[in-house]
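My notes follow in the order in which I checked things.

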Amino acid sequence: MATIKKHAVVIGAGTGGYPCAIRLGQLGVDAMLVEKDKPGGVCLNWGCIPSKALISATKLAHKASHASKMGLKFEQPEVDMKTMQGWKSGIVKKLTGGVKSLVKGNGCEYVTATAEFLDPHRVKLTYPGKKADDIVEAKHFIVATGSVPIQIPGFEIDQKRIVDSTGALEIDYIPEEMVCIGGGIIGLELGQTFQRLGTKLTVLEGLDRILGACDADTAQVVARQIKSDGGEIVTNAMATGWTERDGKAWVEFKTKDGEKREVSADVVLVAVGRRPVASGFGLEKTGVKVSDRGFIEVDDQLRTNVPHIFAVGDVVGGAMLAHKASHEGELVAEIVHGKNRVNDVRSIPNVVFTEPEIASAGLGEEEAKAAGHELKIGKFPFAASGRAMAIQETTGFVKVLTDAKDNRVLGIHIVGPEASDLISEGSLAIEMGAFAEDISLTIHPHPTLGEAVMEAAKHAIGEAVHVMNKS
Ligand code: NAI
């Protein structure tokens, strides 16, 4: 067992940890990134990237079978799930391999091992295989251990009948029926992926609407789509257990009125949220404070109550999003290097890859009103966009919330084609403190979907040209 000295050790090579390590390397800090599993964390291996690969492939299949109005008749696409899964895995492999090269190429050491705190200044590294453990002593630690899916009683994950997002992403056949427990981001993104291939989808949501974190009007558009594609959404439904019968899983749930119902499925996806990983690696030996909900508590520099230990990403709470984690990781690298930085962001965009996509930046309507803003709201439907018509995706709208007193942009909510890409303009606008006029007077190229953002900003101030203004 050797004792290694480092300036900084990053624990976890997910989207919080690896950008932190890259930036530390770029800044010339003597740093080490420790990961027990594959590089890239949930996002690259079992989350964002593989799900988006499957989503885009199934969207293409769906689009091809609905192109006859455009004068294009395709045969019903033949779906080879095993090939699709292989293609998806190839993308994951390429990206995760890239992470290791980038970390090393930028001058940060990459180690495959399990890290465990021995005290606030030392971690033990246990390597896979027979290599003896090492101890690393460091001036700074960055905890980027992420989150794992929440499990619910009565639904033990076996990754066959009862799957979490990891298992759902490995399904290499088209299930006849799928039940999603939880009408949140994961349940709907993955549920609709299989729905596009012909699976009968039932969503059981405990609350009174799906996508509780999204603007209600945008969520409603997705709910309508799921239903018009033959799916069922049961709200106020609490799943209580399941039994195996006639070759199917029968999921039992209780409705608001206490009525007990059952629905059959070939596969049940449990997607009821994620919980932070703040235990199991000796954190309690450091004195770092963890909240009642299990998140590591940090200040506006992502510093814990133990000043040389930082934490970033899902483990500190807030939005559990890869881009938020990366931002925090890079910021902490600069602080560890000695720069004076604080985590001061106005907008963490939220993107949901449903059909149609939802994306938002800044405040929601209720949030803005609760903060004391009187609102002026502009809206532009994609049904009025020439580009949306040309790509046959006219469902949805852009909604811009502005402060009635000075037209400052407070929030942007989009549901519709390429919402995930369109939102970056909204996020920049909010981060820069833009007014509706800044967006409306910026020349947007024609014919593009981005014009819808400009038109919604114009609409907020009564200057829309392609929809009627409010009288
Ligand atoms: P979520 O928080 O989005 O949704 C979970 C849903 O399950 C909620 O609507 C909740 O009311 C419901 N629920 C909880 N317990 C239930 C029960 N017993 N029966 C029925 N419904 C129940 O969580 P999800 O979808 O698991 O996603 C986890 C995290 O991953 C999210 O915080 C999200 O930020 C992140 N994520 C982000 C993505 C993106 O940016 N596109 C994609 C996938 C995940």
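Before listing contacts I wrote down the rule: a polar contact is a pair of N or O atoms within 3.5 Å; within protein, one must be able to donate a hydrogen and the other to accept it, and residues adjacent in sequence count only if both atoms are side-chain atoms. I noted that the model is predicted, that local features need pLDDT of at least 70 and side-chain atom pairs pLDDT 80 or more, and that totals for chains, interfaces and linings use all residues. Residues are numbered from 1 along each chain as its sequence is written, and side-chain values use heavy atoms, without hydrogens and water.

**Ligand contacts**

I looked up the backbone first. A backbone N or O atom of methionine 320 is 3.2 Å from an oxygen atom of the ligand. Isoleucine 185 also has a polar backbone atom 3.2 Å from a ligand oxygen. For valine 351, I found a polar backbone atom 2.7 Å from a nitrogen atom of the ligand. The ligand alone exposes 850 Å², of which the protein buries 79% (accessible areas by the Shrake-Rupley method with a 1.4 Å probe; for residues, only the protein chains shown count as cover).

**Ligand shell**

**Cysteines**

How many disulfides are there? The count is 0, with a disulfide taken as a pair of cysteine sulfur atoms within 2.5 Å. The sulfur of cysteine 43 is 3.2 Å from its closest cysteine sulfur, in cysteine 48, so it is too far for a bond. Cysteine 108 is in no disulfide either, as its nearest cysteine sulfur, in cysteine 20, is 8.3 Å away.

I also checked burial (buried is under 20% relative accessible area, exposed over 50%, partly exposed in between, with a 1.4 Å probe and protein chains only). Cysteine 43 is buried at 12%, and cysteine 108 is buried at 3%.

**Whole chain**

I recorded 13 helices and 22 strands in the protein chain. Of its 471 residues, 52% count as buried. The C-alpha trace spans about 70 × 65 × 45 Å along its principal axes.

Terms used: Helix = DSSP H or I, 4+ residues; strand = E, 2+ residues; numbered from the N terminus.
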